[in-house]
Structures are given as structure tokens and as C-alpha cells.
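Take a look at the model below. We will walk through a few of its parts in turn.

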Amino acid sequence: MSKKLLSGPYLVWMVGFTVIPLLLIVYYGLTDRTGAFTLANIISITTAEHAKALWLSLGLSFVSTLICLVLAYPLAMILRKRGIGKGSFVVFIFILPMWMNFLLRTLAWQTLLERNGVINGILSSLHLPTQSLINTPGAIVLGMVYNFLPFMVLPIYNVLCKIDDNTINAAQDLGANFWQTLVLIWFPLSVPGIISGITMVFVPALTTFVISNLLGGSKILLIGNVIEQEFTRGSNWHLGSGLSLVLMVFILASMALIAKYDKNGEGSAF
Amino acid sequence: MMKRTKDNLKRIAQDFYLVMIMVFLYAPIATLMVLSFSNSKSRTQWGGFTLRWYGEMFESATIMNALQNTLVIAFASALFATIIGTAAAIAISAMKPLPKTVIMGITNIPMLNADIVTGISLMLAFIAFGISLGFQTILIAHITFNIPYVILSVMPKLKQTNKSVYEAALDLGASPIYAFFKVVFPDILPGVLSGFLLAFTMSLDDFIITHFTKGAGINTLSTLIYSEVRRGIKPSMYALSTIIFVTVLVLLIITNFAPHKRQEGR
Amino acid sequence: MKKNSFGMILALALGSCAVLGGCGGKGGNSGSQGDAGEVYVYNWGEYIDEEVISMFEEETGIKVIYDMFETNEDMYPVIEAGGRTYDVVCPSDYMIQKMVENNMLAEINFENVPNVSQIDPLYMERSKSFDPENKYSVPYCWGTVGILYNTSMVAPEDVPTRWSDLWDEKFNGEILMQDSVRDAFMVALKSLGHSMNSTDEAELLEAKDLLIRQKPLVQAYVIDQVRDKMIGGEAAVGVIYSGEMLYIQEEVAAQGLAYDLEYVIPQEGTNVWIDSWVIPSNAKNKENAEAWINFLCRPEIAKMNFEYITYATPNKGAFDLLDEELQNNKALFPDIESLDNCEVFQYLGDEVDSIYNDLWKEVKSN
């Protein structure tokens with residue numbers, strides 16, 4: 001009983017600063033400029049531009065999430081093996097870049113990727129042909145992977161650290177090779193970490209607009225850009241809210257899909 | 001012999017992989033650090049070595065104020081979020097499945113919304129409540145989006161704690177509070193701390209929510225940097241970022257490699 | 001491990017606060033906090049010489065609370081919602097019109113702003129397109145939009161002179177366009193010979209098709225980065241605000257670049273923009289706001305700001321104080337004749353705005 005009281009402050013806080021603001025968004029999303037009820041804002045997701053933007057966002061975030069996973073998993077295994085994870089050193093190594101401002105970091109990538117940028121400078125000094133790297137979908141994916149990789153590494157690393165060495169040894173003693181251990185032991189035991197990693201990469205990647213502006217040259221319209229523009233330049237909060245609601249539904253649906261594989265209810269974030 | 005060579009190769013490959021990831025993570029940061037010493041406002045050209053941006057940075061009252069605001073807000077919001085979030089996580093873990101699912105769903109909302117939606121909806125809510133926008137509203141907003149990170153960090157640790165030890169302590173006559181701090185708290189401490197750290201970091205990095213919830217004349221480093229975009233970001237911002245980065249790195253190295261004997265355990 | 005990580009995190013968090021925060025704090029409420037009250041100023045980032053703020057505080061005893069925004073569109077919801085109130089704001093032309101139409105501005109009492117006489121009547125005349133009776137606004141900076149080109153990447157015979165040159169296949173992948181609805185449509189509408197404030201649906205559709213045709217040639221849609229990208233030699237031509245020119249010329253000289261960047265006002269005419277000071281209707285210190293505007297209109301002060309911002313000043317007195325070389329800088333202060341076809345952006349109402357937005361979305365998603 002007393003334990004439940006502990007959630008009191010949190011519940012009050014959440015109702016005040018999450019639920020009520022959310023209801024305001026729902027209100028805006030379901031009304032037009034005159035205040036009359038309408039579903040037009042929600043339905044507008046089916047227009048060609050919005051559907052395409054949503055589709056592109058889903059695609060790019062999916063690719064980024066996949067790349068993050070592929071990069072992060074071996075990394076977490078190596079880190080675990082090396083025992084670099086003493087203390088929270090490893091956590092800091094991945095969080096530290098985030099202490100440089102997000103905008104500055106992304107601008108720095110521009111400096112690296114540009115036609116006369118650092119990478120092409122290195123390539124041409126090696127007499128290799130220069131590449132056009134910036135203003136491509138690839139650059140957007142790179143920006144997403146860069147910014148969200150820590151969110152994939154940390155939960156996976158955390159969950160791998162909890163796996164008992166004896167389990168692995170037992171499998172190997174029983175004659176399992178590396179791939180068998182990986183598929184039969186490592187993966188199943190690290191599912192919660194993978195799931196929270198996927199969530200924490202996929203969601204921000206789906207809603208971002210700064211990365212596609214700075215690294216994609218704004219030539220690719222993502223759903224995040226559409227929503228941002230409706231709130232700022234277009235100043236049509238009703239449409240922006242309606243599209244946000246649609247986006248939330250998509251996120252919730254994909255999370256529900258993922259959660260089916262998470263038998264314990266929720267993954268371990270950190 | 002063969003095995004050893006193979007192991008060595010594997011080790012080298014692993015080292016190579018680690019180094020590549022580190023290069024990837026830190027390349028832009030190195031770029032910014034180099035730019036902070038460049039005697040040119042341009043982002044693409046090297047203009048010769050200078051320390052003038054560092055001088056300008058310390059002289060600018062605007063930057064120093066923004067720095068102070070940023071740190072105070074990050075620290076305070078992370079602290080409050082940690083206290084509220086940890087208490088909530090303990091309560092939630094004792095709940096029945098249905099309320100638990102509902103509350104966890106609400107918890108995820110700030111993480112699922114686009115920042116601009118969270119920012120504008122909070123601004124509207126503050127105005128509806130009659131809270132005048134100022135320092136306090138940034139703090140409230142940051143606490144709001146920080147709490148989920150704390151809860152998500154603490155919950156898994158709580159799940160791992162052994163309930164019977166806590167019950168045993170109660171049976172032996174310990175008060176619930178005493179038993180909690182003696183038995184449960186040490187177990188979940190790493191989760192609490194990484195929640196705090198993550199909250200601190202998120203608060204440092206936020207721009208959009210701060211923009212809409214801040215009061216007049218109050219700037220954080222993020223809002224300051226964004227307001228400079230139109231006229232070109234001053235390299236003093238790179239200088240400041242470099243100092244923050246180096247400070248944290250030095251502190252990190254000192255604490256991690258301090259001579260005192262540390263307890264092992266994973 | 002637990003003790004260790006606890007120590008580490010605490011030490012880091014506290015340590016960084018102490019070390020970094022130690023340098024903070026000294027700044028802030030500079031200047032004398034007089035009895036004359038306060039004035040809340042909302043301006044573009046880097047849009048004033050900070051020295052001017054302290055001079056104002058010293059002279060008048062009014063404390064300045066200074067705040068910055070990034071775009072007109074960021075500023076508008078803040079003022080509209082009224083969650084924080086400002087006494088004096090510096091939006092652009094079309095946004096001023098929008099604020100006037102939505103009753104968000106107060107009439108300026110020009111008895112308190114005698115220095116308004118220093119503003120060239122020409123600009124007061126131009127302001128009438130968004131503030132018909134010159135009741136609400138006092139011009140602060142102005143400029144044009146034009147094409148910037150790189151002399152080493154564009155052959156002399158290919159130098160752009162018209163907007164329609166931005167559709168030339170020669171510039172494939174070498175064009176930087178403005179990433180904002182109205183600016184992009186201005187380029188297309190002007191090149192078709194229409195008004196950039198057009199509300200005619202057929203004209204807008206025509207402009208949209210033109211922009212879609214241009215998209216494969218465009219390297220990137222950017223706003224503020226045209227300048228840095230052009231200085232860095234990333235692209236051959238870019239659409240840019242004239243205010244950046246002085247900075248660009250100085251940087252090109254300072255970096256000893258092998259090329260020059262030249263600015264052209266296209267023959268079809270362009271957008272003349274004006275950023276002006278206005279007073280929101282919910283301002284709490286209206287008289288102080290008027291004192292602020294009056295102070296900024298003083299020629300010496302306007303000259304200081306011009307030298308810091310490098311955007312053209314509408315202040316005749318300040319212009320007369322400048323070096324002859326600057327006065328003759330045609331990129332900054334173009335001849336009046338070359339502005340014959342030019343217009344000032346107007347607010348076209350929410351309805352038309354959303355038509356523009358929808359068409360722009362079509363361009364961008366294509």
C-alpha cells in the first residue's frame with residue numbers, strides 16, 4: 001500500500017504536464033481553424049505528399065535502426081569480453097559526444113562530408129576520386145546512425161553484461177560453435193536490450209527534421225519536416241497536431257509489434 | 001600455435017573495430033575542437049591558429065549566463081526527475097498488470113512525441129494554467145521529459161532485485177524505509193545513476209522544448225546557438241564546447257583511473 | 001563497482017557544474033538598474049552591437065532584458081500566445097502586416113520617437129505596403145534578395161542576370177535555393193513575370209511546376225548556410241540576402257581565396273525586405289520601448305549597428321557618416337532605379353498561405 005503512494009507525485013506530474021498537453025494536441029488535431037470538429041487533419045495523411053513523407057521516414061529510420069543494431073551488437077560483445085565495462089566508463093564514452101550541442105555536432109558532419117570537406121580532402125590527397133556525400137539519403141542515414149547509436153549500444157551492452165559466463169561456457173563445452181552460441185544463447189538472452197535499443201533509435205529517427213535539413217539539403221521531405229513546418233512556417237497547428245497524432249499511432253503500433261517479442265513486459269533501457 | 005595466431009588475429013580485428021567506432025563517434029567533435037582554434041569564422045577554411053575565441057567566450061556575459069542556466073537546469077531537472085522517477089518506478093513495479101501498462105504507456109509519451117509537439121503543447125498548458133513562462137517553466141518541461149529516462153533505467157534493475165531479501169529484512173523487524181535503503185536501494189543504484197546521467201545529458205542537449213517554454217531574457221546554450229544560426233555561429237561556441245568536453249573528459253579520466261583500490265564486480 | 005560509479009557520476013556532475021559554472025555568474029545584469037524601469041527586447045540573433053545595449057542602459061537608466069529569435073515564424077506563436085510579453089520586437093515586413101491584421105501591435109507614439117526623422121522617407125514609403133499609415137513600425141535594416149555566383153566556377157559569358165538563369169542545365173547540381181516557401185516562390189513567380197505576392201491559383205500552379213522542374217538541378221535547399229557554402233566553394237550559384245555581402249567580401253579577402261563572389265540583382269526584379277521595430281499591443285513598458293526605438297534611430301548608434309550587423313541601414317544620418325567606399329557598395333546599397341520591379345512581401349492571409357505551403361510541400365516531396 002505504502003509503495004503505491006510513492007507514485008503520487010509522479011502521477012500528478014504526468015497528468016499535469018503530459019496528459020493535459022496531449023489532450024490539447026488531440027483537441028487541435030480534431031478541430032479546424034474555426035474550432036469545429038473535423039477529421040480532415042487526420043485523413044490528410046493519405047494525400048500523396050504526406051504519405052510519401054511518412055513512407056520515406058519509415059524507410060530511413062528502419063535502415064538507420066538496422067545499421068545501428070548491426071554496428072552495436074558486435075561492439076557490445078567486444079566491450080563485454082574485454083571487461084572495459086568496469087564502472088560506468090563505457091557509458092560515458094558513448095554519452096560524452098552528446099555533451100557537445102546537437103546542432104554543432106551535425107554541422108560538424110557537414111564540414112566533414114561537404115564537396116570541399118575534410119573527407120574529400122583526405123581522398124584527394126591520396127589521389128582518390130572525391131565523392132559526393134552530402135545532400136543524399138545516405139548522409140541522412142549517417143546522421144541518424146551517428147546521433148542515435150549510443151541509444152542502441154548502451155541497452156544491449158547492459159543486458160549482455162548480465163549474461164552469466166557459465167552459460168556461454170556450458171554451451172561451448174557442449175560443442176556449440178560461435179554462430180550457434182550467438183543464435184541460441186546470446187540473441188535470446190539479449191532480446192530486452194535489443195528491443196529497448198530499437199525503440200530508442202527508431203522513434204527519434206522517425207520524428208527528426210534537423211538531420212534531414214542539414215545533411216540532406218532539405219531535398220528530401222520527411223514526416224518530421226512536414227509537422228515542424230506546419231507548426232512554424234505554415235502556422236497551421238491543427239494540421240500539425242493531426243499529423244502528430246497519426247505519427248504517434250504509427251509509433252505505438254510498431255512498438256506493440258516489437259513488444260510481442262519482449263516477454264518480460266519491458267526492456268532494460270540502461 | 002595455430003590457435004594462438006587465430007586468437008591474435010581476432011583480437012586485432014576487434015581492436016580495429018573498436019577504433020573505427022571511436023573515430024566515427026569522435027570525428028565531428030575533433031572537427032569542432034580544431035575549428036575553435038581557427039582564426040576564421042568560416043566552418044570550412046582553416047585561418048591560422050588563434051586563442052581569441054576563448055578570450056571572447058569568457059568575456060561574453062551572454063554566453064556565461066547561458067552556460068550557468070544550462071548547467072543549473074540540467075542538474076536540477078535531472079535531480080528532481082531522478083527522485084520522482086525512482087519513487088514512481090518502485091510504485092509501478094508493485095502494481096497490477098493493467099494499471100502498470102497504462103502508466104508505462106503514459107510514461108512513454110514524451111519520448112514518442114516529436115519535440116516540437118511536446119514543446120508547443122507544454123507552452124499551451126503553461127498558459128492555460130496561468131504559469132508565467134520563465135526559468136521555472138524550462139525546469140518543469142525538462143523534468144517532464146527526463147522522468148521517463150529515469151524510470152526506464154530503474155525498472156529493469158528493480159526487476160532483478162530479490163524480493164525475499166527485502167521481505168526477510170521486514171520479518172527481522174526492519175522498518176520498510178530502513179529495509180529499502182539497506183537492501184533494495186544498493187541494488188538499483190546503478191540504474192538510478194545512469195538515469196540521472198541520461199537525464200542530465202538530455203537536458204543539456206535540448207533545444208526545441210526549451211525554445212517554447214523559456215521566459216524572456218533566459219537563454220540556455222542551445223537556444224543561444226540556434227539564435228546565432230542566421231548570422232553565423234560564432235567560433236566562441238566551439239571554444240565553449242571544447243572546454244566542456246575537455247573538462248568532462250579530464251574528470252572522467254581522474255575518477256576512473258584514480259589510484260584508490262576499487263571494488264570489482266559485474 | 002557501485003561505489004565507484006556513484007563517485008564518478010557525482011564527481012562528474014558536480015565537478016562540471018563547479019568548474020564550468022564557476023566561470024558563469026559574473027555576467028548578466030550589466031549596466032545600471034535605474035528607476036526608469038525595464039524594456040523587454042525581442043530581436044534576431046546577432047542583430048545588434050551589444051555595446052549599444054549598455055550605452056542605452058547607461059544613458060536612460062532603463063534596464064534592457066534582451067532576447068533573441070531565429071525566424072519570424074518562431075517568434076510569432078510566442079507573441080501570439082502571450083506567455084511572455086515583450087515591449088519591442090523586430091519582425092520582417094509580411095509578419096508585421098500579419099500582426100497588424102491580428103491586432104497584435106500597438107500604435108507607436110511618434111512624439112516619443114523624434115529621431116524617426118533620420119529614417120530616409122523612401123523606406124517609410126516602402127513600409128506602407130505592409131503598414132499603410134506608418135503607424136506601427138520603424139525600419140531598422142533592409143536589403144534585397146539576389147543571386148550570388150562564384151567567379152571561378154561561372155564563365156564570364158554565363159554570369160546569371162535573370163532568375164530564369166537558375167533553370168540553366170549548365171548549373172546542374174551547382175544551385176543553392178532558399179529553403180522557405182515565399183522566397184522560393186518569389187524566384188519562380190518573378191521569373192515568370194508575375195507578382196511575388198500573387199494569389200492567382202493558375203500563376204501559383206505554374207510557379208510550382210517550374211520549381212519541380214528546377215529540383216534536379218538544385219544541390220540543396222538551405223537558409224542561412226548559403227553564405228558559408230558559397231565561401232567554401234561548394235556551389236557555383238546561390239540565392240542569397242544582400243545583407244550577407246559585406247561579410248562575404250571580407251571573408252573572401254581574409255581567407256585569400258582564389259575566387260571572388262559577386263552579387264546580382266536579377267532583371268525581373270526581386271524582394272526588397274525590411275525588418276522594422278514594432279511594439280506589441282500587450283507591451284508593459286510602451287514608453288521605454290519608444291525610447292529604445294528612438295535611441296536606435298540616432299545616426300551614430302545606427303552606424304555602430306550597421307558596422308556590426310553589416311545589413312543595409314535605412315537611416316539617412318548613419319548613411320552620411322559612412323565611408324564613401326561603403327556608400328558606393330552596390331550590393332549593399334543598390335541604385336534605386338534597379339529596384340523598379342521590386343516588391344515587398346505581403347501577408348496574404350491564412351488561406352493563401354496554406355495554398356503556398358501545400359504547393360511547396362508538393363515541390364519538396366517530388
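The paragraphs below go from a helix to a chain contact and then to a pair of domains.

This is a predicted model, where local features need pLDDT of at least 70, side-chain atom pairs count only at pLDDT 80 or more, and totals for chains, interfaces and linings use all residues. Residues are numbered from 1 along each chain as its sequence is written, while chains are lettered from A and ligands numbered from 1 in the order in which they are written.

Start with chain B. Helices (H or I, at least four residues) and strands (E, at least two) are DSSP runs, numbered from the N terminus. Helix H4 of chain B covers residues 97–112, 16 residues in all. From first C-alpha to last it reaches 22 Å, close to the 22 Å expected at 1.5 Å a residue (1.5 Å times one less than its number of residues). Its buried residues (20 or more other C-beta atoms, placed from the backbone, within 10 Å of their own) are Thr107(B), Asn108(B), Pro110(B) and Leu112(B).

Now see where chain A meets chain C. The contact (C-beta atoms, placed from the backbone, within 7 Å) takes 21 residues from chain A and 27 residues from chain C. On the side of chain A, helix H4 (residues 48–82) gives the most, with 3 residues.

Finally, turn to chain C. Its domain assignment, automatic or from a database, gives domain 1 (38–142 + 273–331) and domain 2 (143–271 + 343–365). Their C-alpha centres lie 27 Å apart. The contact takes 16 residues from domain 1 of chain C and 12 residues from domain 2 of chain C. H4(C) provides the largest share of the domain 1 side, 5 residues.

Methods. A residue is buried if 20 or more other C-beta atoms lie within 10 Å of its own, exposed if 12 or fewer, and partly exposed in between; C-beta atoms are placed from the backbone. Two residues are in contact if their C-beta atoms, placed from the backbone, lie within 7 Å.
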